[in-house]
Amino acid sequence: MTVTIVGSQLGDEGKGALVDLWGGDADVVARYQGGDNAGHTVVEDGDEYKLSLVPSGAVRDKIGVLGNGCVVNPKTLFEEIDDLRDRGLEPDVRVARRAHVIMPYHRVLDGIEEEAKSDSDLDAGTTGRGIGPTYEDKAGRRGIRVGDLLDPEVLRDRLEYVVPQKRALAEDVFGVDAGDAFDVDAVFEEYRAIGERFADESMTVNAGEFLGSRVDDGESVLFEGAQGTSIDIDHGIYPYVTSSNPTAGGAATGTGVGPTVVGRGEVVGIVKAYLSRVGTGPLPTELTGDDEELADYIREKGGEFGTVTGRPRRIGWLDVPMLRHAARANGFTGLAVNHIDVLAGLDEVQVGHSYDLDGEELFTMPATTERWGRCEPNLREFEPWPEVDWSAVADEGYGAIPDAAQAYLDYLAEEVGAPVYAVGVGPDRAQTIELTNPFQA
Ligand code: IMP
């Protein structure tokens with residue numbers, strides 16, 4: 001069976017903790033989209049692992065797969081693998097031969113294009129990892145795939161076609177000096193060697209066959225979504241989005257198993273009990289102005305600084321129309337709600353229950369970001385819950401969660417139409433209270 005873990009908001013919902021928890025019951029953990037723009041922190045016995053490309057399950061000795069829907073920066077991948085090996089782990093990571101490779105020129109172009117867009121406020125606040133330019137080349141049929149790195153002749157041909165175009169783009173369109181990142185020979189030598197390492201370590205696979213045969217044999221596969229529904233290229237707040245499909249459909253297209261396989265399994269939406277956002281663009285429930293101090297408090301307490309970039313995240317109240325949108329787009333069968341401990345001890349707890357737009361009450365997100373930006377949230381107030389010893393609560397289980405926080409969770413489940421499977425009351429794996437294990441649901 002399969003379990004798909006999806007971010008239901010803007011990324012950074014704390015998916016890593018759940019992937020790590022339930023990954024223990026899976027035979028394989030597979031990522032289906034994104035690249036090293038993701039940042040997952042896994043804490044085990046006080047040891048912290050910050051991963052951006054290696055699937056978090058690798059910390060638990062699971063086979064980790066990067067599916068064809070991912071964009072892979074091999075340098076980051078090898079750095080993370082080497083680092084985990086230095087720390088005594090032996091991560092088993094397989095990479096789809098159909099996955100696209102983030103090349104040095106993609107990272108440079110990401111920065112150049114963001115800079116150019118910033119004049120008209122259209123910059124997405126990207127992580128600068130070359131994600132967008134790599135997906136552009138994939139769709140433009142000029143990308144380099146992992147399988148191409150294994151064949152020097154193919155690699156050379158592809159580079160000779162694409163690199164001069166990228167150089168011209170950098171120099172003639174953006175007026176930037178192109179360096180080694182745009183030099184065919186330099187890139188060829190470096191990436192041929194990377195292909196050799198992939199081959200030497202037998203890391204590449206036909207992901208669909210690899211995963212499909214395991215599912216057929218009755219093994220359990222956990223699909224690990226990165227980012228979140230509202231920064232999905234199709235269902236998110238375009239253009240302030242990432243360039244892939246974090247939504248559950250991506251688990252099928254991004255790995256090569258059928259949508260019926262994904263649909264027969266569980267799809268768990270990960271929710272942060274409030275909103276955080278690293279990128280630019282509107283955010284109707286954002287805490288600004290008089291609420292700045294409250295935002296600072298939540299940011300500090302929740303450690304709301306980008307895992308990949310270290311940028312301080314913007315903070316807002318929970319946006320419930322965003323969650324209703326996510327529940328439909330993903331077909332959630334369950335929810336995991338994180339960070340309820342961060343909201344403990346506040347004088348007030350509110351959520352954006354619906355929006356007001358041009359005199360109309362909306363219960364889900366409008367399809368254009370301009371209209372979303374004009375939405376005024378209708379806030380609903382909840383009884384705040386006290387600060388308690390969350391480790392003790394984690395030990396005792398769900399019943400020990402303060403009543404007011406339980407009422408908040410009940411409201412969420414009711415509005416989203418899916419039961420709460422787990423509640424995060426702290427960053428450590430032991431601080432996730434499990435009500436239902438989706439592999440046994
Ligand atoms: P990109 O994915 O680097 O192209 O960035 C595009 C948008 O997605 C920006 O607003 C980023 O801040 C956002 N983004 C990308 N990855 C993550 C993530 O893992 N968590 C939260 N936001 C992300």
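**Figure 1. Helix 3 packs against helix 6 in the predicted model.** The axes of helix 3 (residues 104-118) and helix 6 (residues 152-173) come within 11 Å and cross at roughly 25 degrees. Angles under 35 degrees count as roughly parallel, and helix 3 and helix 6 are therefore roughly parallel to each other. Helix 3 passes helix 6 in a left-handed crossing. On the side of helix 3, the contact is formed by Tyr105, Leu109, Ile112 and Glu113. These residues meet Leu159, Val162, Val163, Lys166, Leu169 and Ala170 of helix 6.

Figure 2. Helix 7 spans residues 184-200, and its axis lies 10 Å from that of helix 6, at an angle of about 145 degrees. The crossing of these two helices is right-handed. Helix 6 contributes Pro152, Leu155, Arg156, Leu159, Glu160, Val163 and Pro164 to the contact. Their partners in helix 7 are Val184, Asp185, Val187, Phe188, Tyr191 and Arg192. The contact of helix 6 with helix 7 consists of nine nonpolar, no polar and four charged residues. Leu159 and Val163 of helix 6 take part in this contact and also in the contact with helix 3.

**Figure 3. The largest nonpolar core and isoleucine 340.** The largest nonpolar core has 105 residues, of which Leu77, Leu159, Ile340, Trp385 and Tyr408 touch the most other members. Helix 15 (residues 403-416) gives the most to this core, namely eight residues. A further core lies apart from it and holds 16 residues, among them Val3, Leu21, Val268 and Ala336. When residues up to four places away in sequence are not counted, isoleucine 340 touches Ala273, Trp385, Trp390, Ile401, Ala405, Leu409, Val423, Gly424 and Val425.

**Figure 4. Helix 1 is mostly covered.** In helix 1 (residues 15-23), nine of the nine residues are buried. The buried residues are Lys15, Gly16, Ala17, Leu18, Val19, Asp20, Leu21, Trp22 and Gly23. One of them, Leu21, belongs to the core of 16 residues.

**Figure 5. Helix 8 and the glycine that follows.** Helix 8 (residues 207-216) is mostly covered, with seven of its ten residues buried. The buried residues of helix 8 are Ala207, Gly208, Phe210, Leu211, Gly212, Arg214 and Val215. After helix 8 comes glycine 218, which has a positive phi, near 85 degrees.

**Figure 6. Proline 312 in a loop.** Proline 312 lies in the loop that joins helix 11 (292-302) to strand 13 (314-316). A residue counts as exposed when its relative accessible area is over 50%; proline 312 is therefore exposed, at 53%. Serine 276 is 36 residues away along the chain, and its C-alpha atom is separated from that of proline 312 by 9.5 Å. Leaving aside neighbours within four places in sequence, proline 312 is in contact with Arg299, Glu304 and Phe305.

**Figure 7. Leucine 318 in strand 14.** Leucine 318 is part of strand 14 (residues 318-319). A residue counts as buried when its relative accessible area is under 20%; leucine 318, at 0%, is therefore buried. Glycine 331 is 13 residues from leucine 318 along the chain, and the C-alpha atoms of the two are separated by 20 Å.

How values were computed. Residues numbered from 1 in each chain as written. Predicted model: local features only at pLDDT ≥ 70, side-chain atom pairs only at ≥ 80, totals over all residues. Heavy atoms only, no water. Axes fitted to C-alpha atoms, helices over the stretch in contact; angles between N-to-C directions. Helix = DSSP H or I, 4+ residues; strand = E, 2+ residues; numbered from the N terminus. Parallel < 35°, antiparallel > 145°, perpendicular 65-115°, else oblique. Left-handed = near helix turned anticlockwise from the far one by under 90°. Contact = heavy atoms within 4.5 Å. Core = buried A, V, L, I, M, F, W, Y, C linked by side-chain atoms within 4.5 Å. Buried < 20%, exposed > 50% of the residue type's maximum accessible area, 1.4 Å probe, protein only. Nonpolar A, V, L, I, M, F, W, Y, C, P; charged D, E, K, R; others polar.
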